[in-house]
Amino acid sequence: MDIPGVGELAPPVALQDEAGTLRTLDEQRGRWTVLYFYPKDDTPGCTTEACGFRDTSAGFAERDADVWGISPQGPASKQAFRSKYGLDFPLLADEDHAVAEAYGSWVEKQNYGKTYWGTARTTFIVDPDGRIARTWPKVRPDGHADEVLAALDELQSQRG
């Protein structure tokens, strides 16, 4: 599936967070939401990316934006990952990878000669109207949160 484009209505999100609470993108209307898809809890690249969002969380809060991390592991894995690194934003369990598929983030991968399906590291900013405002189809974890924060500043200034 293709990645949704800028200006398109964001595909629905209805997933449990680390505490088992259902989070829906519809409830985010009126707020900016950063959705970042990552392959696996508590792995080096995913930890770097998550800690980057944690370390810039005050900046996102100042801009009335929420950050949601999404990967295929279940709520218990999310809770352990969140606790271990003091993450202060929801981690959502996309166990059947339906949301990742809708966002074009469930892809065929190759590693050490093996082919398999998994989550691609992608990020989306969803505007207060529920539309895709910015996409990052291939993310490098280091410094990514700062890049997203800068894009959010640009987008918010354009809206006036």
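# Close-up views of a predicted model

**View 1. Thr24 is buried, with a relative accessible area of 14%.** Here, buried means under 20% relative accessible area, exposed means over 50%, and partly exposed lies in between, using a 1.4 Å probe and protein chains only. This is a predicted model, in which local features need pLDDT of at least 70 and side-chain atom pairs count only at pLDDT 80 or more, while totals for chains, interfaces and linings use all residues. Residues are numbered from 1 along each chain as its sequence is written, and side-chain values use heavy atoms, with hydrogens and water left out. Thr24 sits in strand 2; helices (H or I, at least four residues) and strands (E, at least two) are DSSP runs, numbered from the N terminus. If neighbours within four places in sequence are set aside, Thr24 is in contact with Val13, Ala14 and Trp68, where contact means heavy atoms within 4.5 Å.

**View 2. Asp26 lies in the loop between strand 2 (22-24) and strand 3.** Is this residue, Asp26, buried or exposed? Asp26 is exposed, at a relative accessible area of 59%. For a sense of scale, look across to Phe81: it is 55 residues from Asp26 along the chain, and their C-alpha atoms are separated by 26 Å.

**View 3. Ile70 belongs to strand 4.** With a relative accessible area of 0%, Ile70 is buried. Which residues does Ile70 touch, not counting residues up to four places away in sequence? They are Leu15, Leu35, Tyr36, Phe37, Tyr38, Leu92 and Asp94. Take Phe37 as an example: Ile70 and Phe37 are 33 residues apart in sequence, yet 4.8 Å apart in space, C-alpha to C-alpha.

**View 4. Helix 1 (residues 44-55) packs with helix 5 (residues 144-159).** Two packed helices are described by the angle between their axes and the distance between the axes. For this pair the angle is about 45 degrees and the axes are 8 Å apart, so helix 1 is oblique to helix 5. The axes are lines fitted to C-alpha atoms, for helices over the stretch in contact, and angles run from 0 to 180 degrees between N-to-C directions. Angles under 35 degrees count as roughly parallel, over 145 as roughly antiparallel, 65 to 115 as roughly perpendicular and the rest as oblique. Helix 1 brings Glu49, Gly52 and Phe53 to the contact, and helix 5 brings His144, Ala145 and Val148. Of these contact residues, three are nonpolar, two polar and one charged. In this grouping, Ala, Val, Leu, Ile, Met, Phe, Trp, Tyr, Cys and Pro count as nonpolar, Asp, Glu, Lys and Arg as charged, and the others, Gly among them, as polar.

View 5. From its first C-alpha to its last, the 16 residues of helix 5 reach 23 Å, close to the 22 Å expected at 1.5 Å a residue; the expected span is 1.5 Å times one less than the number of residues.

**View 6. Helix 1 has buried residues of its own: Cys46, Thr47, Glu49, Ala50, Cys51 and Phe53.** What covers them includes strand 3, helix 2, strand 4, helix 3 (75-85), strand 8 and helix 5. The twelve residues of helix 1 should span 16 Å, and its end C-alpha atoms are 16 Å apart, which agrees.

**View 7. Asp42 and His97 each have a positive phi.** Most residues other than glycine have a negative phi. Phi of Asp42 is near 60 degrees; Asp42 sits in the loop between strand 3 and helix 1 and is partly exposed, at 33% relative accessible area. Phi of His97 is near 55 degrees. His97 is found in the loop between strand 5 (91-93) and helix 4 (98-102) and is partly exposed, at 22%.

**View 8. Trp117 is a residue of strand 7 (residues 114-119).** Trp117 is exposed, with a relative accessible area of 51%. Setting aside residues up to four places away in sequence, Trp117 touches Trp106, Val107 and Glu108.
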